[in-house]
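Q: Could you walk me through how to read a few features of this protein, starting with its strands?

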Amino acid sequence: MGKIGIMGGTFDPIHNGHLMLGEQAYHEYGLNEVWFMPSGHPPHKKKHGVTDPKLRLEMTAAAIEYHPGFICSDFEVRRRGNTYTAQTLRLLVENFPENTYYFIVGADSLYEIEKWYEPELVLTQAVILAAPRDYEDKNRSLDQQIDYLSQKYGADIRMLHCKEMDISSAELRDKVSKGESIDRYVPEEVMMYIKDHGLYQEIET
(Lines give C-alpha, C1' and ligand atoms only; values in the text may rest on other atoms or scores of the structure.)
Protein backbone atom coordinates (compact mmCIF):
# COMPACT_ATOMS: atom_id res chain seq x y z
CA MET A 1 0.00 0.00 0.00
CA GLY A 2 1.43 3.36 -1.06
CA LYS A 3 0.86 6.99 -0.14
CA ILE A 4 0.46 8.68 -3.52
CA GLY A 5 0.31 12.42 -4.07
CA ILE A 6 -1.66 13.63 -7.10
CA MET A 7 -0.56 16.88 -8.75
CA GLY A 8 -3.12 17.65 -11.42
CA GLY A 9 -3.35 20.58 -13.79
CA THR A 10 -2.90 21.63 -17.37
CA PHE A 11 0.82 22.29 -16.75
CA ASP A 12 0.79 24.74 -19.65
CA PRO A 13 3.65 25.15 -18.84
CA ILE A 14 4.70 23.35 -15.67
CA HIS A 15 6.82 25.65 -13.50
CA ASN A 16 8.89 25.77 -10.31
CA GLY A 17 5.82 26.50 -8.18
CA HIS A 18 4.33 23.14 -9.17
CA LEU A 19 7.58 21.37 -8.34
CA MET A 20 7.80 23.17 -4.99
CA LEU A 21 4.32 21.96 -4.02
CA GLY A 22 5.17 18.41 -5.03
CA GLU A 23 8.40 18.48 -3.00
CA GLN A 24 6.63 19.90 0.07
CA ALA A 25 3.87 17.29 -0.04
CA TYR A 26 6.39 14.49 -0.65
CA HIS A 27 8.49 15.38 2.39
CA GLU A 28 5.92 16.83 4.80
CA TYR A 29 3.51 13.91 4.53
CA GLY A 30 6.00 11.12 3.83
CA LEU A 31 4.55 10.22 0.44
CA ASN A 32 5.96 7.29 -1.50
CA GLU A 33 5.45 9.03 -4.84
CA VAL A 34 3.95 12.16 -6.33
CA TRP A 35 2.21 11.61 -9.67
CA PHE A 36 2.22 14.68 -11.91
CA MET A 37 -0.86 14.21 -14.05
CA PRO A 38 -1.38 16.65 -16.95
CA SER A 39 -5.08 16.98 -17.78
CA GLY A 40 -6.34 15.77 -21.10
CA HIS A 41 -9.21 18.11 -21.99
CA PRO A 42 -10.03 20.27 -18.95
CA PRO A 43 -13.60 21.60 -19.26
CA HIS A 44 -12.81 24.82 -17.34
CA LYS A 45 -9.92 25.87 -19.61
CA LYS A 46 -11.72 26.33 -22.93
CA LYS A 47 -11.24 30.09 -22.92
CA HIS A 48 -7.68 29.77 -24.19
CA GLY A 49 -6.41 27.11 -26.54
CA VAL A 50 -4.72 24.55 -24.29
CA THR A 51 -1.48 23.16 -25.70
CA ASP A 52 -1.68 19.65 -27.15
CA PRO A 53 -1.75 17.05 -24.33
CA LYS A 54 1.20 15.13 -25.80
CA LEU A 55 3.41 18.22 -25.64
CA ARG A 56 2.34 19.06 -22.08
CA LEU A 57 3.01 15.47 -21.04
CA GLU A 58 6.52 15.52 -22.55
CA MET A 59 7.24 18.91 -20.96
CA THR A 60 6.11 17.62 -17.55
CA ALA A 61 8.25 14.50 -17.90
CA ALA A 62 11.29 16.66 -18.71
CA ALA A 63 10.64 18.91 -15.70
CA ILE A 64 10.50 16.13 -13.10
CA GLU A 65 13.12 13.75 -14.54
CA TYR A 66 15.69 14.43 -11.84
CA HIS A 67 13.32 14.58 -8.85
CA PRO A 68 13.27 11.34 -6.82
CA GLY A 69 9.76 10.14 -6.12
CA PHE A 70 8.17 12.16 -8.91
CA ILE A 71 6.28 10.26 -11.62
CA CYS A 72 4.81 11.68 -14.84
CA SER A 73 1.45 10.02 -15.43
CA ASP A 74 -0.53 9.90 -18.68
CA PHE A 75 -3.64 8.68 -16.82
CA GLU A 76 -5.75 11.71 -17.80
CA VAL A 77 -4.16 12.35 -21.19
CA ARG A 78 -5.18 8.87 -22.36
CA ARG A 79 -8.85 9.46 -21.57
CA ARG A 80 -11.27 10.84 -24.15
CA GLY A 81 -13.53 13.82 -23.68
CA ASN A 82 -13.54 16.19 -20.73
CA THR A 83 -11.46 15.05 -17.77
CA TYR A 84 -12.89 15.77 -14.34
CA THR A 85 -10.99 15.38 -11.07
CA ALA A 86 -13.86 13.39 -9.52
CA GLN A 87 -13.71 10.82 -12.31
CA THR A 88 -9.93 10.60 -12.17
CA LEU A 89 -9.89 9.92 -8.43
CA ARG A 90 -12.70 7.38 -8.74
CA LEU A 91 -10.82 5.50 -11.47
CA LEU A 92 -7.59 5.58 -9.48
CA VAL A 93 -9.32 4.13 -6.42
CA GLU A 94 -10.97 1.45 -8.55
CA ASN A 95 -7.81 0.49 -10.45
CA PHE A 96 -5.27 0.85 -7.64
CA PRO A 97 -7.24 0.34 -4.40
CA GLU A 98 -4.10 -0.52 -2.45
CA ASN A 99 -3.01 3.14 -2.46
CA THR A 100 -4.04 6.10 -0.32
CA TYR A 101 -4.32 9.26 -2.44
CA TYR A 102 -3.36 12.78 -1.44
CA PHE A 103 -4.78 15.39 -3.81
CA ILE A 104 -2.65 18.56 -3.86
CA VAL A 105 -4.43 21.87 -4.46
CA GLY A 106 -4.06 25.57 -3.80
CA ALA A 107 -6.02 26.76 -0.77
CA ASP A 108 -8.11 28.94 -3.10
CA SER A 109 -9.58 25.75 -4.56
CA LEU A 110 -11.19 25.00 -1.19
CA TYR A 111 -13.47 27.98 -1.75
CA GLU A 112 -14.32 26.91 -5.31
CA ILE A 113 -14.48 23.15 -4.90
CA GLU A 114 -18.25 22.94 -4.43
CA LYS A 115 -18.58 24.32 -7.97
CA TRP A 116 -16.53 21.40 -9.33
CA TYR A 117 -18.06 18.34 -10.96
CA GLU A 118 -19.22 15.96 -8.19
CA PRO A 119 -17.26 17.68 -5.39
CA GLU A 120 -18.36 15.09 -2.85
CA LEU A 121 -16.33 12.47 -4.72
CA VAL A 122 -13.24 14.67 -4.78
CA LEU A 123 -13.53 15.36 -1.06
CA THR A 124 -14.09 11.75 0.01
CA GLN A 125 -11.77 9.74 -2.24
CA ALA A 126 -8.52 11.46 -1.30
CA VAL A 127 -6.87 13.33 1.52
CA ILE A 128 -6.79 16.98 0.43
CA LEU A 129 -3.46 18.79 0.85
CA ALA A 130 -3.98 22.54 0.52
CA ALA A 131 -1.13 24.95 -0.20
CA PRO A 132 -1.30 28.64 0.75
CA ARG A 133 -2.81 30.84 -1.95
CA ASP A 134 -4.72 34.10 -1.69
CA TYR A 135 -8.41 34.18 -2.57
CA GLU A 136 -10.23 37.52 -2.68
CA ASP A 137 -13.87 36.43 -2.70
CA LYS A 138 -13.83 34.46 0.53
CA ASN A 139 -16.61 35.02 3.07
CA ARG A 140 -15.01 32.91 5.80
CA SER A 141 -11.47 32.23 7.00
CA LEU A 142 -9.52 29.29 5.61
CA ASP A 143 -9.83 27.42 8.92
CA GLN A 144 -13.59 27.99 8.84
CA GLN A 145 -13.79 26.76 5.24
CA ILE A 146 -11.82 23.63 6.07
CA ASP A 147 -14.08 22.98 9.07
CA TYR A 148 -17.17 23.53 6.90
CA LEU A 149 -16.05 21.10 4.18
CA SER A 150 -14.87 18.55 6.73
CA GLN A 151 -18.22 18.53 8.52
CA LYS A 152 -20.39 18.59 5.40
CA TYR A 153 -18.52 15.95 3.39
CA GLY A 154 -16.43 14.11 5.97
CA ALA A 155 -13.34 15.37 4.14
CA ASP A 156 -9.81 14.98 5.44
CA ILE A 157 -8.16 18.32 4.62
CA ARG A 158 -4.62 19.18 5.71
CA MET A 159 -2.38 22.18 5.07
CA LEU A 160 0.93 22.23 3.24
CA HIS A 161 3.36 24.52 4.99
CA CYS A 162 5.16 26.28 2.16
CA LYS A 163 5.37 29.74 0.67
CA GLU A 164 2.80 30.91 -1.86
CA MET A 165 3.49 30.48 -5.58
CA ASP A 166 4.37 33.86 -7.08
CA ILE A 167 3.76 32.97 -10.73
CA SER A 168 1.07 31.34 -12.85
CA SER A 169 1.22 29.44 -16.12
CA ALA A 170 -0.88 32.16 -17.77
CA GLU A 171 1.69 34.79 -16.77
CA LEU A 172 4.48 32.63 -18.16
CA ARG A 173 2.70 32.17 -21.48
CA ASP A 174 2.29 35.93 -21.67
CA LYS A 175 5.98 36.52 -20.92
CA VAL A 176 7.07 34.07 -23.62
CA SER A 177 4.75 35.71 -26.18
CA LYS A 178 6.38 39.07 -25.37
CA GLY A 179 9.89 37.67 -25.69
CA GLU A 180 10.59 38.01 -21.96
CA SER A 181 12.81 35.56 -20.06
CA ILE A 182 11.20 32.92 -17.86
CA ASP A 183 14.48 31.32 -16.76
CA ARG A 184 13.88 31.96 -13.06
CA TYR A 185 10.41 30.42 -13.09
CA VAL A 186 10.88 27.07 -14.87
CA PRO A 187 13.47 24.28 -14.97
CA GLU A 188 16.02 24.59 -17.78
CA GLU A 189 14.51 21.51 -19.44
CA VAL A 190 11.12 23.23 -19.69
CA MET A 191 12.62 26.43 -21.04
CA MET A 192 14.45 24.49 -23.76
CA TYR A 193 11.33 22.47 -24.60
CA ILE A 194 9.31 25.66 -25.06
CA LYS A 195 11.99 27.11 -27.33
CA ASP A 196 12.49 23.92 -29.33
CA HIS A 197 8.76 23.53 -29.99
CA GLY A 198 7.98 27.22 -30.50
CA LEU A 199 5.29 27.26 -27.82
CA TYR A 200 3.36 30.33 -26.63
CA GLN A 201 4.49 32.61 -29.45
CA GLU A 202 1.09 34.23 -30.00
CA ILE A 203 -0.45 36.57 -27.44
CA GLU A 204 -3.79 35.19 -26.20
CA THR A 205 -6.95 37.22 -26.58
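A: Happy to! Two strands are said to pair if DSSP finds at least two bridges between them. Keep in mind that this is a predicted model. Here, β1 and β2 pair in the parallel sense over 6 bridges. Within that pairing, G5 stands opposite V34 in β2.

Q: Which strand is joined to β2 by 3 bridges?
A: That is β3, residues 70-72, which runs parallel to β2. To find this pairing in the viewer, look for F36, which stands opposite C72 in β3.

Q: Is β2 mostly covered or mostly open?
A: As a general idea, side chains in a regular strand alternate between the two faces of the sheet. In this model, strand β2 (residues 33-38) is mostly covered, with 5 of its 6 residues buried.

Q: What kind of unit do β1, α1 and β2 make?
A: They form a right-handed β-α-β unit. For the handedness, point the strands away from you: a right-handed path from the first strand over the helix to the second runs clockwise.

Q: How should I read backbone angles, and what about F11?
A: Most residues other than glycine have a negative phi, and most peptide bonds are trans. F11 has a positive phi of about 50 degrees, although it is not a glycine. You will find F11 in the loop between β1 and α1. With a relative accessibility of 1%, F11 counts as buried, because buried means under 20%.

Q: Where is the cis peptide bond?
A: It joins D12 and P13, with omega at about 5 degrees. P13 sits in the loop between β1 (3-9) and α1 (16-28).

Q: What is the phi of E118?
A: It is near 45 degrees, a positive value in a residue other than glycine. E118 lies in the loop between α4 (109-112) and α5 (119-125), and at 30% relative accessibility it counts as partly exposed.

Q: How many salt bridges does the structure hold?
A: Side chains of opposite charge can pair when their charged atoms come close. The structure holds 8 salt bridges. One of them links the side chains of E58 and K54, at 2.7 Å from N to O. Both residues lie in helix α2 (residues 53-64), 4 residues apart, or about one turn of the helix. E58 is partly exposed, with a relative accessible area of 30%.

Q: Which residue does E112 meet in a salt bridge?
A: Its partner is K115, at 3.5 Å from N to O. E112 is partly exposed at 25% relative accessibility, whereas K115 is exposed at 67%.

Note on methods:
Residues numbered from 1 in each chain as written. Predicted model: local features only at pLDDT ≥ 70, side-chain atom pairs only at ≥ 80, totals over all residues. Heavy atoms only, no water. Helix = DSSP H or I, 4+ residues; strand = E, 2+ residues; numbered from the N terminus. Buried < 20%, exposed > 50% of the residue type's maximum accessible area, 1.4 Å probe, protein only. Salt bridge = Lys/Arg side-chain N within 4 Å of Asp/Glu carboxyl O.
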